[in-house]
Each structure stands twice: as C-alpha cells, then as structure tokens.
Amino acid sequence: MFATSSLTGSKPEQYAQLLAQARALVHGERDRIANAANLSALVYHALPQLNWVGFYFFDGTELVVGPFQGLPACVRIPLHKGVCGAAASTRQTQRIEDVDAFPGHIACDSASRSELVVPLLHNGELVGVFDIDSPVTARFDSDDQQGLEAIAQVFVEALQ
C-alpha cells in the first residue's frame with residue numbers, strides 16, 4: 001500500500017520528496033491511465049493553492065482530457081488554443097502568471113488565475129500534457145516548474 005508523507009523543508013527539498021513519492025507510486029506500472037490518475041491525485045493533495053491537476057492526451061489531432069483532480073474540465077483542446085495547446089505545439093513548458101493575460105486562454109475553471117503546463121514527450125513524440133492550475137496569480141515559480149517537469153518525466157519514463 002502506498003502512503004504519502006507530509007512535505008518538509010525548502011521548496012526544492014519538498015519537490016525532491018514529492019518526486020520520490022511519484023517514483024514509488026508508478027514503480028512497475030506501465031498503464032498510462034493508472035499512472036496519470038495516481039500522479040494527478042498525488043500532486044493535487046501534496047501541493048498548496050491548486051484547483052486543478054491533470055493530464056490531457058494527444059490523440060493525433062487534439063488534446064483529450066485524461067485523469068485529473070478538480071472540477072470537470074474541457075474535454076478537447078485544439079493544439080492552437082490555450083496554454084495546454086501552446087505547450088503541446090511548442091513542446092515547451094508554459095508557466096503563466098496571469099491566465100487572463102494569455103491570448104486564447106481557455107477558462108475551463110473560472111477560478112484559475114495561473115497555470116503551468118508541461119508537454120509530455122516519449123521518444124520525441126507528443127503524448128500529451130501535464131496541466132496544473134491555481135486560483136492564485138503567479139502561483140508557480142522556477143522551483144515549481146523544475147519540480148513538476150521532473151514529475152512529468154516520471155510519467156513518461158513509466159511508459160517505456
């Protein structure tokens with residue numbers, strides 16, 4: 001049985017602890033739905049000031065909602081729309097301090113004020129994105145970005 005533990009120390013130390021929990025959670029499991037569901041729950045419950053954490057999977061044309069924690073979400077996102085579409089099309093993490101200032105932002109949850117989206121690439125191919133929203137403007141900094149990118153990488157490595 002998996003058990004979470006409270007995060008302690010500096011933000012980088014907390015992310016190191018969360019990363020260890022993420023690795024333990026997906027160890028030996030290759031199913032992307034199971035791993036996405038568990039990683040969404042882990043991050044959602046471990047980090048403060050989040051209102052949505054989840055995965056969108058690329059179906060060859062657009063992003064389709066996968067496992068998540070939070071309010072019901074947009075089901076399909078074109079690659080040319082929103083923060084998720086930008087992360088998927090550029091294949092670069094998008095860290096947005098104020099989603100209302102982002103051109104073409106898709107407001108799935110009207111409470112969201114900032115967002116961090118990590119593209120998921122497996123063998124150079126787009127698998128989807130890992131999307132984290134907060135009701136707090138400028139919630140995410142470079143420590144959050146590095147920590148959440150590492151957790152996204154744990155997901156991708158479990159696919160192999």
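Analyst: Happy to. Helix α1 (residues 11-26) packs with helix α4 (residues 142-158) at an angle of about 10°, and their axes lie 10 Å apart. Axes here are lines fitted to C-alpha atoms, for helices over the stretch in contact, and angles run from 0 to 180 degrees between N-to-C directions. That makes α1 roughly parallel to α4, a label for angles under 35 degrees, with over 145 counted as roughly antiparallel, 65 to 115 as roughly perpendicular and the rest as oblique. Helices (H or I, at least four residues) and strands (E, at least two) are DSSP runs, numbered from the N terminus.

This is a predicted model, in which local features need pLDDT of at least 70 and side-chain atom pairs count only at pLDDT 80 or more, while totals for chains, interfaces and linings use all residues. Residues are numbered from 1 along each chain as its sequence is written, and side-chain values use heavy atoms, with hydrogens and water left out.

On the α1 side, the contact (heavy atoms within 4.5 Å) is made by K11, P12, Y15, L18, L19, A22, R23 and V26. From α4 come D143, D144, G147, L148, A150, I151, V154 and A158. These residues divide into 11 nonpolar, 1 polar and 4 charged; Ala, Val, Leu, Ile, Met, Phe, Trp, Tyr, Cys and Pro count as nonpolar, Asp, Glu, Lys and Arg as charged, and the others, Gly among them, as polar.

Now for the core. The largest nonpolar core has 30 residues, and L39, V43, F130, L148 and I151 have the most contacts inside it. Such a core is a set of buried Ala, Val, Leu, Ile, Met, Phe, Trp, Tyr and Cys residues joined through side-chain atoms within 4.5 Å, where buried means under 20% relative accessible area, exposed over 50% and partly exposed in between (1.4 Å probe, protein chains only). At least two residues each come from α1, α2 (32-46), β1 (52-58), β5 (114-122), β6 (125-134) and α4, and α4 gives the most, with 7 residues. V43 touches L18, L50, V53, F130, L148 and I151, leaving aside residues up to four places away in sequence.

Finally, the sheet. α2 lies across β1, β2 (62-70) and β6, running at about 155° to β1. α4 also packs on the sheet, where α4 touches β1, β4, β5 and β6 and makes about 35° with the direction of β5.
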